[in-house]
Amino acid sequence: MPPIPPQPAIEVSHLVKSYAGVTAVNDISFSVPRGEILGFLGPNGAGKSTTMRILTGYLPATSGQVSICGFPVASEIDAVKKCIGYMPENNPLPDEMRVSEYLYFRGRLKEVPRGKLGSRIDEVLELCDLKRVRHKIIGKLSKGFRQRVGIAESVLAEPPVIIMDEPTIGLDPHQILIVRDLIASLRGRMTVLISSHILPEIEMTCDRVLIINQGRIVAQGTPAELRREVLGQSAYEIEASGHIGSLPFMLGSIDLGLSIASEGPLDEEGFRTIKLKTLNPDDMGEAILRAFMFEGLRVRALSRAHPTLEDVFLAATRRSWDAVVEDPKPTPRP
Amino acid sequence: MKHFLTILSHEVRMLLVSPSTYIAAVGFLSVMGFMFTGILEAYSKAPQDLSPASAFFEIYYFPVIFMVPLLTMKCLAEERRLGTIETLLTTPVTTTEVVLGKYAAAYLLYLLFWGSTAGFFYILKRFAGDAHLIDPGPILGGYLFVSVSGLLFIAIGVFASSLSRNQAVAGMLSVTMLVALIFGGQYLANASWLDREALSPIKDAVHYAQIQQHYQDFTRGVVDMRELLFYVSGSVLALIFSILSVETKLLHS
């Protein structure tokens, strides 16, 4: 584990937010070290946007502590506002301004010195590939450009912490790639908190993932850790032909937990798909192949199934729903 | 307050690039021009008691009731509807700076509109060649009244805009509040149920808030500190309510 810097960029402890009887965020605690990209995952209404709004100081928390760069949000809001670049959900922009005018206005509000602002605007326009549209009116831009204007605006003042609520929503795959590269280019320099429900997105950009559901953290860690922790098993798929016979026994001798999960129907050539599962995370492909050969089965293909973050997400959110159902106290759903 | 000027210049710029401002200005100047022509025609037919300037400023409430809502209904309602208030308030800007910046921009534009009616008097002076038509006292008093009372009217418009995220609702609210403020005082002053002894403090308060009476004092050249204080304190109160309204709406958003 890398040494954690003395002061995490974002620190949240026991955060609770309830609106008129509904608990949107229920006792969340996490901290983000400087320079890390944290992905915030959750189904709709899980409390992602609410948490982000509390982090920016836009909404007050019901209880709990939040501090950004060491400044508590509740008492030193002015210092906190200088530390963050925030892009809200749906990225609201004034329609009647030009891109460069908007960035200039935002730069002045964010206290970028007047002398540096011009060159800084050029830099972010370059970074977000917006040079072509700098004199266009924002209301006439396409969704992809608007989204990039929002991102350019949030990194404009070079804040140490950037919070973006669903930055890739409504973008085409090519634009998603650009945004992803852009976020990756901030790694190490700025702490980035992004929320999304596009899972491959998060998996590729983020160092760490936090899954929340119904206002609670249900899983956190790197994508690889989550796979292990939440699914707790690896799976293999083999296409083979022949009689299984004593295969289950053979498999058991490789690894105790290794067993046949399912067998598919035979196809025209006499092959079927056999799914194996085990709790052991080590790669056992070679041993399995040898066992099949030993049994005299003909093998056409072997693959190790990689659980995607999607599986992790579904498993984690399902797990939390189960937990809530078992909870004797009725918890209001957001 | 270091962001006040940034927001003010941004708001003025936004008002000046928006076509609706020019449409409103043309509408305002043509209506006021027609009225001014009407007044002059009355003068050419028969001698009048009042100077043309007094007669002209007497209809000040007409543009106030129509122009002030148009100028102010957008300012906070639109920010909330589009959600740009969220990006605005997460920068190192306070709600006070935002509200004051928008208020000052609308007030400057209001002054600009009224200021452009000075052209009417210039044309009159240039072509009538009749010195007694141009009485500087009522003209100065009229403009002073318009600029001082504008403080309160614009503040009420801003307050109405902070109450709703729908521009039309904000506009209707400010029309209602302005009408109640301008004509309600007169109505209450004539109401006989206020003549009772127990209600005399209310009667005094109503007497103090007679905007029509203030207008007459100003054009006669009587500038009373109490009247100035009425407008200044009224606008400060309306602005404080606007700031509180924006902030409470955030808590419940």
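**Questions on a two-chain predicted model**

Trainee: Which strands does helix α5 of chain A touch?

Mentor: Helix α5 of chain A covers residues 143-155 and packs on the sheet, its direction making about 165 degrees with that of β6(A). Contact is set by C-beta atoms, placed from the backbone, that lie within 7 Å. The strands touched by α5 are β6 and β7 of chain A.

Trainee: How are the residues and chains labelled, and what pLDDT do local features need?

Mentor: Residues are numbered from 1 along each chain as its sequence is written, while chains are lettered from A and ligands numbered from 1 in the order in which they are written. This is a predicted model in which totals for chains, interfaces and linings use all residues, side-chain atom pairs count only at pLDDT 80 or more, and local features need a pLDDT of at least 70.

Trainee: In the open sheet of six strands, which strands stand at the edges?

Mentor: The order of this sheet is β6-β7-β8-β3-β9-β10 (chain A), and its pairing is mixed. Two strands pair if DSSP finds at least two bridges between them. The edge strands each have a single partner, so one side of each lacks a neighbour in the sheet; they are β6 and β10 (216-221) of chain A.

Trainee: Which residue of β8(A) is the bridge partner of Phe40(A)?

Mentor: Strand β3 (residues 37-41) and strand β8 (residues 191-196) of chain A run parallel and are joined by five bridges. Within this pairing, the partner of Phe40(A) in β8(A) is Ser195(A).

Trainee: In the sheet of four strands, which helix packs on the sheet?

Mentor: The four strands form an open antiparallel sheet in the order β2-β1-β4-β5 (chain A). Its edges are β2 (22-32) and β5 (71-72), each with a single partner strand, so one side of each has no neighbour in the sheet. Between β1 (residues 10-19) and β4 (residues 63-68) of chain A there are five bridges in the antiparallel sense, with Ile10(A) opposite Ile68(A) in β4(A). Touching β1, β2 and β4 of chain A, and directed at about 120 degrees to β1(A), is helix α1 (residues 48-56) of chain A.

Trainee: Which residue of β13(A) stands opposite Tyr236(A)?

Mentor: Strand β13 (residues 272-278) of chain A pairs in the antiparallel sense with β11 (residues 234-241) over seven bridges. It also pairs in the antiparallel sense with β12 (residues 259-263) over four bridges, where Ser259(A) has Lys277(A) as its bridge partner. In β13(A), Tyr236(A) faces Leu276(A).

Trainee: Which elements of chain A give two or more residues to the side that touches chain B?

Mentor: The contact takes 20 residues from chain A and 18 residues from chain B. The elements that meet this condition in chain A are α2 (77-83), β6 (84-87) and α3 (99-109).

Trainee: Which residues of α2(B) are buried?

Mentor: Helix α2 (residues 19-45) of chain B has 27 residues and reaches 39 Å from its first C-alpha to its last, close to the 39 Å expected at 1.5 Å a residue. That expected span is 1.5 Å times one less than the number of residues. The cover of its buried residues (20 or more other C-beta atoms within 10 Å of their own; exposed, 12 or fewer; partly exposed, in between; C-beta atoms placed from the backbone) includes α3 (52-58), α4 and α7 (118-128) of chain B. The buried residues of α2(B) are Met32(B), Phe36(B) and Ile39(B).

Trainee: At which residue does α4(B) bend?

Mentor: The 22 residues of helix α4 (residues 61-82) of chain B should span 32 Å, which agrees with the 32 Å between its end C-alpha atoms. Just after α4(B), Gly83(B) has a positive phi of about 85 degrees. The bend, taken as the angle between axes fitted to the seven residues ending at a residue and the seven starting there, is about 30 degrees, at Lys74(B).

Trainee: How far apart in space are Met204(A) and Pro223(A)?

Mentor: Met204(A) lies in helix α7 (residues 199-205) of chain A and is partly exposed, with 15 other C-beta atoms within 10 Å. In sequence, Met204(A) and Pro223(A) are 19 residues apart; in space, their C-alpha to C-alpha distance is 9.1 Å.

Conventions: Contact = placed C-beta atoms within 7 Å. Axes fitted to C-alpha atoms, helices over the stretch in contact; angles between N-to-C directions.
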